[in-house]
Amino acid sequence: MVKVTIDGIEIEIPKGTTVIQAAEQAGIEIPRYCYHPGLSIVGVCRICLVEIERMPKLQVACYTPATEGMVVHTNTEQVLEARQAVMEFLLVNHPLDCPVCDQAGECWLQNFYMQHALHDSRMFENKVKKSKALQIGPNVMLDSERCILCSRCVRFCDEISKSNELGIFNRGDRAELQPYPGTELDNDYSGNTIDICPVGALTDRDFRFRTRVWYLSETESICPGCSTGCNINVHHNDQRTYKAGGSRVSRLKPRYNPDVNEWWMCDAGRYGFTHVDADSRILAPTRSIGEEQEMSWGEAASEIMTKLREVISVHGKESVGVILSPQMTNEDLFVARRFFRDGLGLKHIDFEVAPLTTGAKDDFLIKADKNPNTAGARLLGVGARQGSGMTVAEMLEAARKRKLRALYICHHDLANGFAVDVVEEALTAQDLVVFQGPNTNSTSALAHYVLPAAAFVEKTGSFTNYAERVQMIHTAVTPLGESKADWQIFRSLAKEAAISVPYFEAEDVFQALTAEVEAFSGLPYAGLAGQGIALRDGQALPESETVVA
Ligand code: SF4
Ligand code: SF4
């Protein structure tokens with residue numbers, strides 16, 4: 001450890017810490033453009049210059065290691081003058097685009113100009129012209145005139161995605177960021193370059209010009225795109241309504257978690273929220289026997305329970321199959337378990353439709369299992385492999401032979417794991433098929449009752465990722481139409497069946513879960529916010545272990 005003093009604050013830091021990091025620990029923010037804690041240090045933008053006692057010239061804070069006894073000043077006249085000079089230099093050829101630039105409101109050129117420069121331009125010459133609104137990949141637009149050549153995006157592609165698409169070509173005021181000839185910025189993580197670009201040079205094709213950032217609210221959540229469970233912020237525009245002004249969710253941004261995704265997320269997860277406000281959303285409980293008819297929750301719960309009881313009384317409990325989903329939260333699955341297994345005494349409960357580890361994967365963040373809560377489902381014991389009930393494949397086979405007479409299916413499109421004719425034959429042979437989920441699909445089209453479940457941005461709960469880290473999602477936007485969290489739907493049905501499900505909030509469910517399920521025992525609900533809690537001291541499990549129950 002070494003002791004340093006920054007702006008009069010003495011702190012002790014590990015040897016090797018740089019001045020910019022030490023200042024952060026002291027609560028002092030030194031402006032930066034090229035420096036990013038997740039990338040190598042290049043020290044090219046010079047905005048982080050500071051004064052260090054006994055050093056003749058100003059030093060870059062990002063590159064300089066803090067050493068024992070060092071005394072640093074980040075706010076002297078000399079520092080402020082240098083910072084202003086750097087800003088003036090960066091703005092020499094910068095276009096006056098702010099009113100039409102999509103980065104306005106989250107641009108560090110704008111912000112630092114207001115905080116550290118506020119100079120009047122001394123330039124009368126024409127600015128250098130470069131390419132504008134250039135699509136350099138499926139997700140990213142480049143405006144070269146706005147680029148300050150910090151090289152963050154280049155280093156990201158070299159060091160993190162390791163795809164090496166970008167370079168800086170030419171010299172002096174002709175220097176320009178471009179993809180290498182014959183390539184484009186097309187890798188599984190390309191959207192991160194937009195996040196780390198400190199100015200409006202790289203913008204998101206999916207987001208640009210849809211809304212101004214100051215209209216957005218931010219809610220912490222977890223990406224449901226795979227079992228990594230990258231920490232994200234959901235950016236939502238609360239003035240928008242379903243179908244009236246486009247999507248209520250404007251974008252997903254990665255949220256820093258050193259134990260999961262650091263600063264990054266993949267493009268599939270980033271752009272994977274279009275189902276939330278899609279036309280396929282189920283808006284009300286519906287009876288699809290004969291003519292399709294919307295119902296109230298009370299009518300739906302009463303009719304479904306009456307029919308379920310009929311099936312059970314005539315054919316027995318063994319004639320009902322329940323297919324849950326690893327897209328559901330721990331809370332959803334726990335209440336499903338309480339209702340179907342403990343309350344109704346059903347045996348055939350499973351959650352795995354298609355093999356879970358066959359999707360695309362890499363050795364960074366992307367996992368083959370495209371579900372956020374497979375580990376949670378396994379720990380809650382709702383898989384057929386953990387009990388003595390049928391697997392989903394066995395249920396469909398039994399349904400075709402009319403050994404099963406009722407199926408309750410949550411979220412899945414069974415056509416993703418089985419031949420369409422097999423699914424059709426099995427479902428049409430049933431006395432009762434209930435589908436519950438946020439969106440319609442080919443399975444819901446064959447159900448007698450379709451129940452609207454809230455999407456992941458419309459409910460609060462927790463997922464357990466592949467490494468058994470329990471992390472929270474929060475309600476960002478109101479559930480559409482009549483939709484409710486899955487656990488609330490099970491609660492409505494349980495009430496009809498006089499089965500006790502005494503929970504009013506997701507937190508109540510979580511408290512019951514930690515009291516009943518040993519793997520979750522003692523987890524504090526409040527401690528889950530932010531970065532979650534690892535059940536096994538953060539030891540990552542091999543992916544296959546999270547699947548086999
Ligand atoms: S495009 Fe953005 S991140 Fe890339 S070098 Fe230019 S300013 Fe930096
Ligand atoms: S790696 Fe997985 S969890 Fe992370 S953003 Fe991509 S899909 Fe989502």
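How many residues surround ligand 2, and which are the closest? In this predicted model, 13 residues surround ligand 2, and the closest are Cys223, Gly225, Cys226, Cys230 and Gly269.

**Ligand shells**

- The shell around ligand 2 has 8 nonpolar residues, 5 polar residues and no charged residues.
- Around ligand 1 lie Cys147, Ile148, Leu149, Cys150, Ser151, Arg152, Cys153, Leu177, Cys197, Val199, Ala201 and Leu202.
- By class, the ligand 1 shell comprises 10 nonpolar residues, 1 polar residue and 1 charged residue.

**Helix α8**

- Helix α8 covers residues 330-343, which makes 14 residues.
- From its first C-alpha to its last, α8 reaches 18 Å, close to the 20 Å expected at 1.5 Å a residue.
- Because 11 of its 14 residues are buried, α8 is largely enclosed by the rest of the structure.
- The buried residues of α8 include the charged residues Glu331, Asp332, Arg337 and Arg338, and also Leu333, Phe334, Val335 and Ala336.
- The elements that the buried residues of α8 pack against are β16 (320-323), β17 (348-350), α9 (374-379), β21 (461-464), α12 (486-496) and α13 (506-516).

**The largest nonpolar core**

- In soluble globular proteins, nonpolar side chains tend to be buried together.
- The largest nonpolar core here has 141 residues, and the members touching the most others are Cys48, Leu324, Leu407 and Val434.
- Helix α8 supplies the largest share of this core, 6 residues.
- Apart from neighbours within four places in sequence, leucine 324 contacts Leu333, Ala336, Ile349, Phe351, Ala377, Val382 and Cys410.

**Strands and sheets**

- Strands of a sheet pair through backbone hydrogen bonds, in either a parallel or an antiparallel arrangement.
- One open sheet has 7 strands in the order β15-β14-β20-β19-β18-β16-β17, and its pairing is mixed.
- The edges of this sheet are β15 (293-294) and β17; each has a single partner strand, so one side of each is left without a neighbour in the sheet.
- Strands β16 and β17 run parallel and are joined by 3 bridges.
- Glycine 321 has histidine 348 in β17 as its bridge partner.
- Strand β12 (residues 231-237) pairs with β13 in the antiparallel sense over 5 bridges.
- Opposite valine 234 stands leucine 252 in β13.
- Strand β13 (residues 249-254) is mostly covered, with 5 of its 6 residues buried.

Definitions and conventions. Residues are numbered from 1 along each chain as its sequence is written. Chains are lettered from A and ligands numbered from 1 in the order in which they are written. This is a predicted model: local features need pLDDT of at least 70, side-chain atom pairs count only at pLDDT 80 or more; totals for chains, interfaces and linings use all residues. A residue is near a molecule or strand if its C-beta atom, placed from the backbone, lies within 6 Å of it. A residue is buried if 20 or more other C-beta atoms lie within 10 Å of its own, exposed if 12 or fewer, and partly exposed in between; C-beta atoms are placed from the backbone. Helices (H or I, at least four residues) and strands (E, at least two) are DSSP runs, numbered from the N terminus. Two strands pair if DSSP finds at least two bridges between them. The expected span of a helix is 1.5 Å times one less than its number of residues. Two residues are in contact if their C-beta atoms, placed from the backbone, lie within 7 Å. A nonpolar core is a set of buried Ala, Val, Leu, Ile, Met, Phe, Trp, Tyr and Cys residues joined through C-beta atoms within 7 Å.
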